[in-house]
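Here is a walk through one model, starting at a helix end and moving on to aromatic rings.

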Amino acid sequence: MTLRALVREIRDREFPWTAATTYLNNASVGPVPERTRLALEAFNAKRTAPHLLPDRELQPLLDAARETAARLIGAEAAEIALTPNTSTGLNIAARALPLAPGDVVLVSDREFPANVYPWLALRARGVVVELVPVTAEGFPDEDRLLERLADPRVRALAVSFVQFSNGFRADLARLGAACRATGAFLVVDAIQGLGAAPLDVRDVPVDLLACGGQKWLLSPWGTGFLFVRKELVRELEPVAVGWMAFEGTDDFTNLTRYSDSLRPNARRFEVGAAFQDQLGFTTSVGLLLDLGIPAIDAYTRALGTPVLDWAARRGVRVVSPTDARHRSAIICVAPPEPREAHRRLRQAGIVCSLREGAIRLAPHFYNTVEELERVVGVLDEMMGAPLSR
Ligand SMILES: Cc1ncc(COP(=O)(O)O)c(C=O)c1O
C-alpha cells in the first residue's frame, strides 16, 4: 500500500490529536507517536521497581538503538555512538579530529549555531574557521565550498544535511567526493534531514555525522547519535571518556580491573545513554523505517506543492530551493508581512515557525495535502482580493 493510502490510519492511531491541530513544525520538534508513548509508559512502570529491569535487559536496549540508527543511514552498528543530542556529536567531532594550528575548517555561513560554535571554539587552539558566504538566495554555496576545498590547508568541512532556515538539502555526494579527493573530513549535522530524507553512508562519503532524535525522528529529547566512519574510529580519541567506553566494562563483576584500551568501535565516544529515551528512539525510528524513508521523502516533498504553486501565482517569494536536487520537506515562504501571517496561521490552529523572516512549513509523513491547502487559504485571505482560479 502507498504511504498516501496509509496516512489516515497512521494519523488516527499514532497522532490522534491531529484531528484538532495542523502541526507543520517538525523542524522544531516532532511528535512522539502513540506507540512510543506506550513503550515509554510500560518501561517507566517497570522502572518504579528496578528489579524488573535487570542489566541483561537494559544493555540490549542500547544495542537496539545503535542498530536502528545504523539502519537509518546504511552504517554498521559499530560506527554509531549514542548521544543525547546533535550538539554533543558535533562537539565530539570538532574535538576528536586531528586539527592543528593553521588548519582550516570550512563552515557554511548561516548554519544553525549548533554546527558553528563547536568549530569557533577551536580558534583558541589556532585552528582557522572560515564561514563561507552563502549564495545570493541564502543557500550554502556548494561551488564556492568546492573551490575552497582545493586549498591544502582546508582539513574539514562542516555542513548541515538540510538547512534549518530554508530547507536547502546539501548535495552531500558532491561535497563528499570533493572532500575525499583532497583528504578533508566531511562532518554533517543531519538533524533537519534524517527521518524525511534518505542518506546512505555507503554511497555518500560522509566521515562524521551528528543527529538528534527530537525532530524528524519523532523521538524523545535526550536521544541522538554520532556516526563515525569505521576507518576513522580507531584513529580518533574521545575528549570526554565514559567508563563504558573501555574494553572489559561489560563485566560488572570486575570493574576495578581498569583497562588501557578504548573500545575498537564508536562506543568509545559514548559517555552514557538513557535507557528509556533510547527505547523511545528505537520505537519511533522503527516506525519511520517500516514506512520507508524514500517513500516519506517523496510524500513530504509533494506536500509542499500547493504552497509553491500558490506562491508562484501570488508572486510571493519562496525562500527554499525548488529544484529537485536541493529541495527537502521544509518549505519557507516570505509573504509581505511574515509576522502577521504567522499570527494568523496560529489563530487558525496551524502550528509552524517564523525563521529568518519567512514562514517555515515542515510537514512530515502524517500530514495531509488538505492541511497544506488550509495554509494556502489563510495566507491567501490575508493577501487580499481572492485569486481567480
Ligand atoms: C541544523 C540544526 N542543528 C542542531 C539543532 C539542535 O541541536 P541539538 O540537538 O543539540 O539541540 C537544530 C535545532 O533546531 C538544528 O536545526
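Just after α7, G183 adopts a positive phi of about 80°. The model is predicted: local features need pLDDT of at least 70, side-chain atom pairs count only at pLDDT 80 or more, and totals for chains, interfaces and linings use all residues. Residues are numbered from 1 along each chain as its sequence is written, and side-chain values use heavy atoms, with hydrogens and water left out. Helices (H or I, at least four residues) and strands (E, at least two) are DSSP runs, numbered from the N terminus.

Within α7, the residues L172, L175, G176, A178 and C179 are buried, meaning under 20% relative accessible area with a 1.4 Å probe, protein chains only. They cover an arc of only 160° around the axis, which puts them on the same side of α7; the arc is that of the directions from the helix axis to the C-beta atoms. The buried residues of α7 pack against α6, β5 and β6 (185-189), where contact means heavy atoms within 4.5 Å.

The whole structure holds 10 aromatic pairs. Rings of Phe, Tyr and Trp (its six-membered ring) pair if their centres lie within 6.5 Å; planes under 30 degrees apart count as stacked, over 60 as edge-to-face and the rest as tilted. F139 and F168 are stacked, 5.1 Å centre to centre with 25° between the planes. This pair links distant parts of the chain, 29 residues apart: F139 lies in the loop between β4 (128-132) and α6 (142-149), and F168 in the loop between β5 (154-160) and α7 (172-182). Both F139 and F168 are buried.

Methods. Buried means under 20% relative accessible area, exposed over 50%, partly exposed in between (1.4 Å probe, protein chains only).
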